[in-house]
Amino acid sequence: MSFSIDAVGVVHPNGQRALAGVSLAAHAGERVAVIGPSGAGKTTLLRVLGAALRPAEGQVRLLDAPPWQLDRAALKRLRARIGTVHQAPPIPPRLRVVTAVLSGRLGQWSAARAIASLLRPSDIAGAHEALSRLALEDRLFERCDRLSGGQLQRVGVARVLYQRPALLLADEPVSALDPTLADTTVRELVAQSEATGATLVASLHAVDLALRWFPRVIGMRDGRVMFDRPAAEIDSAMLDTLYASEGGLPAAHAAAQPSAVSALHEAPFLPPDCP
Ligand SMILES: Nc1ncnc2c1ncn2[C@@H]1O[C@H](COP(=O)(O)OP(=O)(O)OP(=O)(O)O)[C@@H](O)[C@H]1O
Ligand SMILES: [Mg+2]
């Protein structure tokens, strides 16, 4: 098993219930899309799968280890094998693209090598290779704060490709991209999963991408799994129910709102064990 969670419940510190009794498992190399309206709990689920959030209720196993029973060093090693593309990465000022990509492996390197790499990028060829898969190789030495939102989002994807994690989590990885780039970027994530055997779990607002690229699709709403099916079995009635509006807000609008709250809590360009 790549991961299994059982009866997981998460209540955020403000009392907001984000997951309610969620049980899921995936085997190594599986590709799973998570869809559902804004606030459904997709980001919260991915944070549980990334060992970034410890649920108050339920059992979690990631890459055959119980993350919350490990000591600090073992938890750090586990997190280095999990890679996340974050929904809205906050970027340290003046960070170069090359450094952002190389930081994907910080968790796997010794402290000395990690610090040396931040001062002087060591594996420029590796960063170049990852960026070229996303048509960004000409931005290698650009400052991240001079990139467009879509370019920055692809840097986040290049970073996780460079990391080569065993469990690859992508939270709205293409929300800032035009349809063509969105498609090629998801294709690269899928290609990575096929080439390395990594399990891929991606949350997506673009249902067409979920159905095209992912053999298994999970629909979430109100912190619960509404369906968990092969993509070929998902019909428009299921999607209508999943996205049906409750408060009179059109579903398309509700689905288009990124979750700024949760994004603020992520620090993707730091080593995985930094707060
Ligand atoms: N850090 C947090 N503190 C408090 N509440 C939170 C936090 N993160 C998420 N929530 C709440 O938990 C619920 C699930 O949020 P989550 O971010 O997991 O949804 P989502 O499906 O990722 O939504 P979106 O599609 O907008 O990104 C929402 O009601 C949200 O307001
Ligand atoms: Mg989210």
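Val10 has Leu19 in β2 as its bridge partner. Strands β1 and β2 run antiparallel and are joined by 6 bridges; two strands count as paired if DSSP finds at least two bridges between them. Helices (H or I, at least four residues) and strands (E, at least two) are DSSP runs, numbered from the N terminus. The two strands form a hairpin with 5 residues between them, and Gly15 in the turn has a positive phi of about 95°.

The model is predicted: local features need pLDDT of at least 70, side-chain atom pairs count only at pLDDT 80 or more, and totals for chains, interfaces and linings use all residues. Residues are numbered from 1 along each chain as its sequence is written, chains are lettered from A and ligands numbered from 1 in the order in which they are written, and side-chain values use heavy atoms, with hydrogens and water left out.

**The two sheets**

On its other pairing, β1 (residues 3-11) is joined to β4 by 5 bridges, again antiparallel. Glu57 in β4 is the bridge partner of Gly9.

A second open sheet has 6 strands in the order β5-β6-β7-β3-β8-β9, with mixed pairing. Here β5 and β9 (224-230) are the edge strands, and the twist averages 15° from one strand to the next. Within this sheet, β3 (residues 31-35) and β8 (residues 216-221) run parallel and share 4 bridges. Ile35 stands opposite Gly219 in β8.

Helix α1 packs on this sheet, touching β3, β5, β6 (167-171), β7 (199-203) and β8, and its direction makes about 160° with that of β6. Contact means heavy atoms within 4.5 Å.

**The magnesium ion**

Which protein atoms are donors of the magnesium ion (ligand 2)? They are OG1 of Thr43 and OE1 of Gln87, lying 1.9 to 2.5 Å from the ion. Donors are N, O and S atoms within 2.8 Å of the metal (3.2 Å for Na, K and Ca); water is not among the atoms, so sites may look incomplete. Thr43 lies in helix α1 and Gln87 in the loop between β5 (82-85) and α3 (97-102), so the pair ties together parts that are 44 residues apart in sequence.

**Accessibility of selected residues**

Buried means under 20% relative accessible area, exposed over 50%, and partly exposed in between (1.4 Å probe, protein chains only).

| Residue | Relative accessible area | Class |
|---|---|---|
| Thr43 | 11% | buried |
| Gln87 | 13% | buried |
| Thr185 | 1% | buried |
| Ala7 | 39% | partly exposed |
| Glu172 | 3% | buried |

Thr185 is found in helix α7 (residues 179-196). Leaving aside its neighbours within four places in sequence, Thr185 is in contact with Leu134, Arg154, Val157, Val174 and Leu177.

Most residues other than glycine have a negative phi. Ala7, in strand β1, has a positive phi near 50°. Glu172, in the loop between β6 and α7, likewise has a positive phi near 50°.

**Helix α6**

Helix α6 (residues 149-163) has 15 residues and reaches 21 Å from its first C-alpha to its last, close to the 21 Å expected at 1.5 Å a residue. The expected span is 1.5 Å times one less than the number of residues. Because 14 of its 15 residues are buried, α6 is largely enclosed by the rest of the structure. Just after α6, Arg164 takes a positive phi of about 55°.

**The chain as a whole**

The protein chain holds 11 helices and 9 strands. Of its 275 residues, 51% are buried. Among contacts between residues at least 6 apart in sequence, 68% join residues at least 24 apart. The chain exposes about 12,700 Å², with carbon and sulfur atoms supplying 54% of it. Accessible areas come from the Shrake-Rupley method with a 1.4 Å probe; for residues, only the protein chains shown count as cover.

Terms used
Axes fitted to C-alpha atoms, helices over the stretch in contact; angles between N-to-C directions.
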